[in-house]
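My notes follow in the order in which I looked.

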Amino acid sequence: MAEAKLEPTLFNLEGSVKFNKARTHRYELTITWKQPAKKLAMVVTNFPGQSDGVVMDLTTMLVVNHVSALGFDGVVMVNLFSKIGLKEHPKELSRGIDAITDQIILLEANDA
């Protein structure tokens with residue numbers, strides 16, 4: 001029986017994250033799997049999860065899987081409420097954004 005030679009499939013998964021200086025707000029998480037990424041999807045989520053550019057939570061993995069299946073080269077995830085560890089209590093929601101949150105959403109929407 002002849003032995004088949006398999007060639008590895010190579011790809012680069014690149015991620016970047018935008019935090020505030022104190023790392024209490026995560027504004028954006030960008031993950032690309034085709035370089036250069038020409039076709040990016042923008043996904044708006046409620047709150048930042050545990051993903052930090054190295055670690056991926058379940059929501060981030062599901063978003064990446066679906067966006068990839070739709071034929072995009074990458075995804076930019078932004079948050080309506082950027083504070084990390086935010087609870088869905090009304091008192092918490094009022095502290096869930098800062099002056100930069102909305103600016104990041106608008107800038108990324110322009111680029112995507």
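**Surface patch**

I began with Leu58, which I found in helix α1, a helix that runs over residues 58-69. Before going further I note that this is a predicted model. Is Leu58 buried or exposed? I read a relative accessible area of 58% for Leu58, which is over the 50% that marks a residue as exposed, so Leu58 counts as exposed. I then looked at what accompanies Leu58 on the surface, and found that Leu58, Met61 and Leu62 form a nonpolar patch whose accessible area comes to about 280 Å² together.

**Salt bridges**

How many salt bridges does the count come to? I noted 2 salt bridges, and I took them one after the other.

In one of them the side chains of Glu28 and Lys18 meet, with 3.4 Å from N to O. I placed Glu28 in strand β2 (residues 26-32) and Lys18 in strand β1 (residues 14-19), so this pair ties together parts that are 10 residues apart in sequence. When I checked accessibility, Glu28 came out as buried at 5%, whereas Lys18 is partly exposed at 38%.

In the other, the side chains of Glu108 and Lys18 meet at 3.7 Å, again taken from N to O. This pair links distant parts of the chain, since Glu108 sits in helix α3 (residues 101-111) and Lys18 in strand β1, 90 residues apart. I read 12% relative accessible area for Glu108, which is under the 20% limit, so Glu108 counts as buried. Through shared partners, Lys18, Glu28 and Glu108 are joined by salt bridges into one network.

**Nonpolar cores**

Which residues make up the largest nonpolar core? I listed 9 residues in all: Leu29, Ile31, Trp33, Ala41, Val63, Val64, Val67, Val75 and Met77. I then asked which elements supply them, and found that β2, α1 and β4 (74-79) each give two or more residues to this core, with α1 giving the most, at 3 residues.

Leaving aside neighbours within four places in sequence, Met77 is in contact with Tyr27, Glu28, Leu29, Val43, Thr45, Thr60 and Val63.

My last entry is on another core, which lies apart from the largest one and has 5 residues, among them Tyr27, Val76, Val78 and Ile104.

How values were computed. Residues are numbered from 1 along each chain as its sequence is written. This is a predicted model: local features need pLDDT of at least 70, side-chain atom pairs count only at pLDDT 80 or more; totals for chains, interfaces and linings use all residues. Side-chain values use heavy atoms; hydrogens and water are left out. Patches are made of residues with over 30% relative accessible area and no salt bridge: like charges are joined within 9 Å, nonpolar side chains (Val, Leu, Ile, Met, Phe, Trp, Tyr) within 5 Å. Accessible areas come from the Shrake-Rupley method with a 1.4 Å probe; for residues, only the protein chains shown count as cover. A salt bridge is a side-chain nitrogen of Lys or Arg within 4 Å of a carboxyl oxygen of Asp or Glu. Helices (H or I, at least four residues) and strands (E, at least two) are DSSP runs, numbered from the N terminus. Buried means under 20% relative accessible area, exposed over 50%, partly exposed in between (1.4 Å probe, protein chains only). A nonpolar core is a set of buried Ala, Val, Leu, Ile, Met, Phe, Trp, Tyr and Cys residues joined through side-chain atoms within 4.5 Å. Contact means heavy atoms within 4.5 Å.
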